[in-house]
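Subject: Structure handover

Hello,

Here is the structure we talked about. Please open it alongside this note.

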Amino acid sequence: MIRRFARPYARAIMDVLGSPEKANALRNELARFDTVRKASADLQEMYANPGIEHDSKMKVTRTISTRLGLSDMAVKVLEVLIRNHRVNNLDSIVEALAEMVRQATNTVAADVRSAHRLSNQEEADLRLTLEKKAGRKVELMLSTDADLIGGFVARIGSEVYDTSVAGKIERFRESLD
Amino acid sequence: MKAAVIAVIVVLLAAFAFGQKPESQQPNQVAHGAERAAHSEAEGGHHEESKFLGLPSWIWKLANMLAFIAFLVWAIGGPVKRGLASRHEQVRREAEEARERRAKADQMAADIQARLTQLEEEVRLIGERAQSEGEKQKQELIAAAEAEAQKILQSARSEVDNRLKHARHELTEYAGELASERAEQLLREKITDADRQKLFRESLKEVEGARS
């Protein structure tokens, strides 16, 4: 869910970078950093602790950024967020930025859960198929769900395509009622 | 008036009788008034009839009696006549009223008789109508009972059908549930990567064919 404070940050990033493509690249960098932050409870606690000085937080952030290969722009954005005590809400800002990038590039997000990890070819085929259905470019947001047994469930906006085996079994059960 | 005439005749006849046989009377017979006095004088040895103004006393007695009778007729004749007329009129009126009452009673009796006859007819008609109504109600009750029986039968059949349908549905649902559970279990156990890839390709075709 995009929180209200996230949109001004996303708008500022879009304005500074000047193009959706650059904004999308920065979004991917920030998303990688956010994955690391979410995986570490200590890191989240450090950023949430007002007793730890800003310089110490930035030092840790730069170390992680170097290891992740983030750009200077990404580091500057993270510095602003740390100063404003918003770095722990990075996921919401990344999501707002992604929405703006999609609006700018006339792209729609497709949330896809598949029963197995898709190969590159399968992903390409899926993207092509969904773009035909949506009538515009599609940004795939992939995840794996073994409970589906086979097939996938794709959601584009309010449209849901459930071709999974689990879904078919469930529909069969419902048809018996 | 007739009574007065009869009374005068009777008195005259009595006076004549006394004048014709004064010596034949017995000493032990009962005598009254002038006759007793005359008898007393005869017993003294002389039998002489008393007179007044040259006329025998019996004539005066007779005249006296006639005058008394005339006075009576004059004094009470009018009221008696009016009383008799009034009584006659009352009797006539009562007779008339009695006739009228009789006529009314006869009319009432005739009416009662007619009413009785009518009542008998009405009773007969009521009886016939009651019988007819009873028969009609009997038929209606029988028809209603038959209809109710049909309805109950229909309802029972419907209930049986519904329960059968429900039982069939439950059985089907249970069998389907078992089948789907077993199928899911088998698929989870037996599915391979190749199957998943094949299913993915089929899913793509399915999405392509789906109407959005």
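Below is what was found in it.

This is a predicted model: local features need pLDDT of at least 70, side-chain atom pairs count only at pLDDT 80 or more, and totals for chains, interfaces and linings use all residues. Residues are numbered from 1 along each chain as its sequence is written, chains are lettered from A and ligands numbered from 1 in the order in which they are written, and side-chain values use heavy atoms, with hydrogens and water left out.

Chain A

Chain A has eight helices and four strands (DSSP runs numbered from the N terminus: H or I of at least four residues for helices, E of at least two for strands). Along the sequence the pattern reads α-α-α-α-α-α-β-α-β-β-β-α. Of its 177 residues, 45% count as buried (under 20% relative accessible area; exposed is over 50%, partly exposed in between; 1.4 Å probe, protein chains only). The accessible surface of chain A is about 9700 Å², with 49% of it on carbon and sulfur atoms (Shrake-Rupley method, 1.4 Å probe; for residues, only the protein chains shown count as cover). Take the contacts between residues at least 6 apart in sequence: 67% join residues at least 24 apart (contact means heavy atoms within 4.5 Å).

Cores

The largest nonpolar core holds 31 residues, and Leu30(A) and Phe33(A) touch the most other members (a core is a set of buried Ala, Val, Leu, Ile, Met, Phe, Trp, Tyr and Cys residues joined through side-chain atoms within 4.5 Å). Helices 1 (6-17), 2 (20-39), 3 (41-48), 4 (54-68), 5 (72-83) and 6 (90-105) of chain A each give two or more residues to this core. Helix 6 of chain A gives the most, with seven. Not counting residues up to four places away in sequence, Leu30(A) touches Ile13(A), Ala74(A), Val77(A), Leu78(A), Leu90(A) and Val94(A). A second, separate core has 15 residues, including Val108(A), Leu140(A), Tyr161(A) and Phe200(B).

Interface

26 residues of chain A contact 23 residues of chain B. The two chains bury about 2300 Å² between them, 66% of it on carbon and sulfur atoms (buried area is the accessible area, 1.4 Å probe, that two parts lose on being put together, summed over both). On the chain A side, Ile149(A), Arg173(A) and Leu176(A) lose the most area, together 27% of what that side buries.

Salt bridges

The whole structure has 26 salt bridges over all chains (a side-chain nitrogen of Lys or Arg within 4 Å of a carboxyl oxygen of Asp or Glu). Four of these cross the interface of chain A and chain B. One is Glu206(B) with Lys168(A), at 3.0 Å between the closest N and O atoms. Glu184(B) also pairs with Arg173(A), at 3.1 Å. Glu184(B) lies in helix 3 of chain B and Arg173(A) in helix 8 (residues 165-176) of chain A, so the pair joins two chains. Glu184(B) is buried at 16% relative accessibility, and Arg173(A) is buried at 17%.

Within chain A, Asp91(A) meets Lys38(A) at 3.9 Å, N to O. That pair links helix 6 to helix 2, 53 residues apart.

Best wishes
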